[in-house]
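Please examine the sequence and the model shown below before reading on. The paragraphs that follow lead through selected parts of the structure.

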Amino acid sequence: MKRVVIGIALMFGIALSAFAQNDLQPLAVVKVNKSETITLKQLKTRVAYTLRQYEAYGITSLTVDQKEQLLETLIDEKLIVQAATRDGIAASVTDTMVDQAFLNQIAQSLGVQLTEAQLSDLIKQQTGKTLQEYILSNTGMTLAEFKANLKNQLIIQQYVLAKKQNEIQSVSATDAEIRAFYDMNKQTFVQSDMISLFIFGVPKGSDAVAARAAAVDYRNKYVANPSISTTWKASPDNGTKFYAEDQLIPKNTSAQQQLGWTTENFSKLFASSIGYVSDITETATNYQFYAVLNKYDAKMLSLSDVIQPNTTVTVYEYIRSGLTQNKISEYLGTAAQALADELNTSANVERKKTGDELKKLLEGW
């Protein structure tokens, strides 16, 4: 019996070894400034990642042609990254930049900026998974692989920016495009009723009585001289001994909930006149007061209106900036492909699998 068990174990080991060897077989070698192999395993990882991005649309598999296209994408990426390394551009992308870009991606999906430690804790609380496990289950990549891929994307971006700087500077939205966009989306450029406040608070800390007394003293000073708020906002103590800031509050449920106010108090706020200074109120963490600086009625914004009160950016400039960024993004993609095509020569790329041999390898998974 023991020999049979050992025999089965050996057969299982051989099967695993064959599978690993199959996954590690080279598909292409990129050699702009060094030799890098793209394996079947790397392609499978990219396919798995791509499918996860599209699973919400019911896409569960890719065709052989689509897999071949992803292989070409991997080749293009390595070509540009190697060229960027050769030209000294890749070194400008640091690990700190990669970590920040990673957290920014998370912030876009969560709507809040977190440190990696905070993100790990949040994921653990909500899913029971570690950050590593969460990234692997959602992308098919380890955290290190995901960040390495992100770093490559940043390097490619820097390379294209360096090589096509003059062309990119000339990319801009036209007046006709700006006006056409506004005309088609006019209904979205609406300003709700808004109120501008100066808010001042003193943390309770370990002595709530002293904190309240300090808040009362600060309020009295503000009533006597409202311009003193400028000094407080610029003070190094702002954020530690007290907090002092201007806030623009829209009249909607979301803003009410964010402030943590009752509907009655929120309505009273918008009924207050300009110059009104509230009494000291107590929250869970501080004592605070606010002053009404200005009020703005709801209206539909024209192209010449500022996008938000207390700013200088007009709707026209806001649209121009957004459309220009979109055009630059499109240009970067086109320019990156053009640069990759220039680098994609027989001297720089050795394809190990082609034609029917490659297609057969990509079938069935």
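Is tyrosine 57 buried or exposed? In this predicted model, the relative accessible area of tyrosine 57 is 65%. A residue counts as exposed when this value is over 50%, and therefore tyrosine 57 is classed as exposed. Its place in the chain is the loop that joins helix H2, residues 40–54, to helix H3, residues 64–86.

Helix H7 covers residues 143–163, and its axis comes within 9 Å of the axis of H3. The two axes cross at roughly 65 degrees, and the crossing of H3 past H7 is left-handed. On the side of H3, the contact is made by Glu77, Ile80, Val81, Ala83, Ala84 and Arg86. On the side of H7, the residues in this contact are Asn149, Asn152, Gln153, Ile155, Ile156 and Tyr159.

The next point of interest is a strand. Serine 196 belongs to strand E4, which spans residues 194–203. Is serine 196 buried or exposed? Its relative accessibility is 5%, and the limit for a buried residue is under 20%, so serine 196 counts as buried. When neighbours within four places in sequence are left aside, serine 196 is in contact with Gln247, Leu248, Ala291, Val292, Leu293, Asn294, Tyr296 and Asn310.

One of these contacts, asparagine 310, deserves a separate look. Asparagine 310 lies in the loop between strand E8, residues 299–300, and helix H14, residues 315–343. With a relative accessibility of 56%, asparagine 310 counts as exposed. Its phi angle is near 70 degrees, which is a positive value in a residue other than glycine.

The remaining paragraphs concern charged residues. Side chains of opposite charge can pair when their charged atoms come close. How many salt bridges does the model contain? The count comes to 23, where a salt bridge is a side-chain nitrogen of Lys or Arg within 4 Å of a carboxyl oxygen of Asp or Glu.

Glutamate 282 is in strand E6, residues 281–282, whereas lysine 204 is in the loop between E4 and helix H10, residues 208–224. The pair therefore ties together parts that are 78 residues apart in sequence. Glutamate 282 counts as exposed at 53% relative accessibility, while lysine 204 is buried, with a relative accessible area of 16%.

Another salt bridge is formed by the side chains of lysine 299 and aspartate 305, at 3.5 Å from N to O. Lysine 299 has a relative accessibility of 38% and counts as partly exposed. Aspartate 305, at 18%, counts as buried.

A further salt bridge links glutamate 350 and lysine 352, whose closest N and O atoms are 2.8 Å apart. Glutamate 350 is partly exposed, with a relative accessible area of 32%, and lysine 352 also counts as partly exposed, at 38% relative accessibility.

Methods
Residues are numbered from 1 along each chain as its sequence is written. This is a predicted model: local features need pLDDT of at least 70, side-chain atom pairs count only at pLDDT 80 or more; totals for chains, interfaces and linings use all residues. Side-chain values use heavy atoms; hydrogens and water are left out. Helices (H or I, at least four residues) and strands (E, at least two) are DSSP runs, numbered from the N terminus. Buried means under 20% relative accessible area, exposed over 50%, partly exposed in between (1.4 Å probe, protein chains only). Axes are lines fitted to C-alpha atoms, for helices over the stretch in contact, and angles run from 0 to 180 degrees between N-to-C directions. A crossing is left-handed if the near helix is turned anticlockwise from the far one by less than a right angle, and right-handed if clockwise. Contact means heavy atoms within 4.5 Å.
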